[in-house]
Amino acid sequence: MNKGAKETLTKLIIAVPLMFAFGFALVPLYDVFCQVTGLNGKVFQSEHSDELVREDGRQLSLQFISTNNENMPWTFEPSEQVMDIQTGKYHTATFYVKNTTNKTMTAQAVPSVAPSNAAEHLKKLECFCFEQQELKPGEEALLPVKLLVSDDLPSNIKNIILSYTIFDITEYEDDQTLAHHQMEME
Amino acid sequence: MSAVIENHHDDHHHGPAKGITRWLYTTNHKDIGTLYLWFSFAMFLIGGAMAMVIRAELFQPGMQIVEPEFYNQMITLHGLIMIFGGVMPAFVGLANWLVPMMIGAPDMALPRMNNLSFWILPFAFFVLLSSLFMEGGAPNFGWTFYAPLSTTYAPPSVTFFIFSVHIMGASSIMGAINVVVTIMNMRAPGVSLMKMPLFVWSWLITAYLLIAVMPVLAGAVTMMLMDIHFGTSFFNAAGGGDPVLFQHIFWFFGHPEVYIMILPAFGIVSHIIETFSRKQLFGYSSMVWAMLSIAILSFVVWAHHMFTVGMPLAAEIFFMWATMLIAVPTGVKVFNWVATMFRGSITFETPMLFAVAFVVLFTIGGLSGLMLAIVPADFQYHDTYFVVAHFHYVLVPGAIFSIMAAVYYWIPKWCGNMYDERLGKLHFWLSFVGVNVTFFPQHFIGLAGMPRRYPDYALQFADWNMVSSVGAFLFGFSQLLFLFIVIKTVMGGKKATGQVWEGAKGLEWTVASPAPYHTFTTPPKID
């Protein structure tokens, strides 16, 4: 094989693991891209900020949807289906949850916002979705979410839907899933 | 390394070894090309048999022949086998046979890797097909294996599927590396890049696409493997992952993949139309630039496969326009083929019939692709039989017709005998009618709302489904005629001349027919 061929071969052989790594790099890239743009409707934890608070906010309706992922037997529903809220004001909503089984289980709620371009304007100070819930058999709880919709929400949006899907993660290794979620929150 | 040693041996002009070891140990590009082509033919027949099962079940509404679970396994394996076992190895086989002869090289640059890249392929498909006999059955999640269908809800055999995709990927990557190294370094003096035959150009671009995206596919299935067995959550929402991410990664591979399956066809058809029009190809350099722009654009259009996942408007508009942009270079190519035929002295031997049918029918497939690119319309068409009709039009009378055209065109060079022209034409017309009767009605039932991937359908789709099934049986069984013609040609027939076709140009036609075991051991002189 001549020198040129060896050089081409080396370059191509290097390209293969690089593209393999690129496939994996798409995972954090996707997360960052979605976090910056709010494209997939995911909402991340934000700090309390006085700048966002204002008195003359617009009226909006905030609708809650709760979904149980397959094989998740818990009762999970919002305390109120719809809340009238104002932009620039902190509101707290609660979700009722009950472990209907006879064993201790751990759950993780995953949020989503529709329309997706509202996601980046929805600021969550606290959310049960930022941590896992462990409930004993028959135990029930009210899970709070404290949020604010910033006033620069596009004016054509009059109605925001905040939905949560609750997953049974009892069998997952806790530290692993937690680590993943914490990474996302940062 | 090995090429040098072999060149030395070539002075003795020894023939192939005898017996089975010839095929097991061969490093000869012609032998390996033949192996690839026969392997692909076998896979084409197996994948075709699965299509027959599918169409038999869809012949009438209601469940007749197979269980829904088995139907799902059939559609999955049909797709995987036709793509990774049928079309791709056929093109690699053609590249092996033709690229060295077209550029005046004695062999591929990496002959031993060439042997390896072929011989791991049968194992990949053995593993994949054996999953049919495993507990829980074969993969049943469609060839696109979307998570979580292919992770959380997959049958246990999914691990074997992942393993076989890894092997197929390794094989394709090695084949592609071999093609690039050969083309970039082993061209005879005087064969500059812009003088290369278009088939070589098309394969150079295809090989780069393969090297870029096959590792991404390997990454995707590796992530699946980790989600299934090692407790990660790449695609699992409960653990913080995202199933939509799978679709992005998959289609980042998947869209370039569809051009991997069509670019070599562009090269083949350009040669055949040029030969049988007895004219110089119209617009050679624009053909090259068109293929390059199609290849580059293929990396920025992937999300048009997933318009309905809930993307923001800006992204949908971007992917819609980028997709429509591809129609421009493709249109240039179609124009050039038509312009080449314009006022040519055309004869319609079998390869030309397939090539002309390719131009017409591929354009129909391209047009329905444009319809699918329109975002608001795609919400209606998504996951219906319209999509099935679209991609079968570009793959069957597109990629597969081009492979058949290539076989008829070059088989006299490969085995020294002319095929039976009468039977070849019969095969063409049966296939042409069969393909259109099969897939054209699927446009109608798709637009009327019949979803894909179901074993049953509503009554109003019954008539066209029956027509489609009749066409499929016609097309399917015509391929046995193709098998017969190929075997007959290999066994004997009218002897072919070196040039074979009156209008044939290019280095491969300057050697005898059948092509000697070693060609161009000394580089040819190019004027």
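The model is predicted.

Start with chain A. Its secondary structure comes to 2 helices and 9 strands. The order from the N terminus is α-β-β-β-β-β-β-β-β-β-α. Of the 186 residues in chain A, 26% are buried. Take the contacts in chain A between residues at least 6 apart in sequence: 75% of them join residues at least 24 apart.

Now turn to the interface. Here 34 residues of chain A are in contact with 31 residues of chain B. On the chain A side, four elements each supply at least two residues: helix H1 (3–37), strand S5 (105–114), strand S9 (159–168) and helix H2 (174–185). H1(A) gives the most, with 15 residues. By class, this side of chain A has 18 nonpolar, 14 polar and 2 charged residues.

Next, the backbone of chain B. Most residues other than glycine have a negative phi, and most peptide bonds are trans. Look at the loop between helix H6 (121–130) and helix H7 (158–185) of chain B, which holds Pro148(B). A cis peptide bond joins Ala147(B) to Pro148(B), with omega about 0 degrees. Phe145(B) also sits in the loop between H6 and H7. Its phi is positive, near 30 degrees. Phe145(B) counts as buried because 24 other C-beta atoms lie within 10 Å, and the cut-off is 20 or more.

Further along, Arg453(B) lies in the loop between helix H17 (421–447) and H18 of chain B. Phi of Arg453(B) is positive too, near 70 degrees. Arg453(B) is partly exposed, with 13 other C-beta atoms within 10 Å. Pro514(B) lies in the segment after helix H18 (462–491). The peptide bond from Ser513(B) to Pro514(B) is cis, with omega near -5 degrees.

Conventions: Residues numbered from 1 in each chain as written. Chains lettered and ligands numbered in written order. Predicted model: local features only at pLDDT ≥ 70, side-chain atom pairs only at ≥ 80, totals over all residues. Contact = placed C-beta atoms within 7 Å. Nonpolar A, V, L, I, M, F, W, Y, C, P; charged D, E, K, R; others polar. Buried ≥ 20, exposed ≤ 12 C-beta atoms within 10 Å, placed from the backbone.
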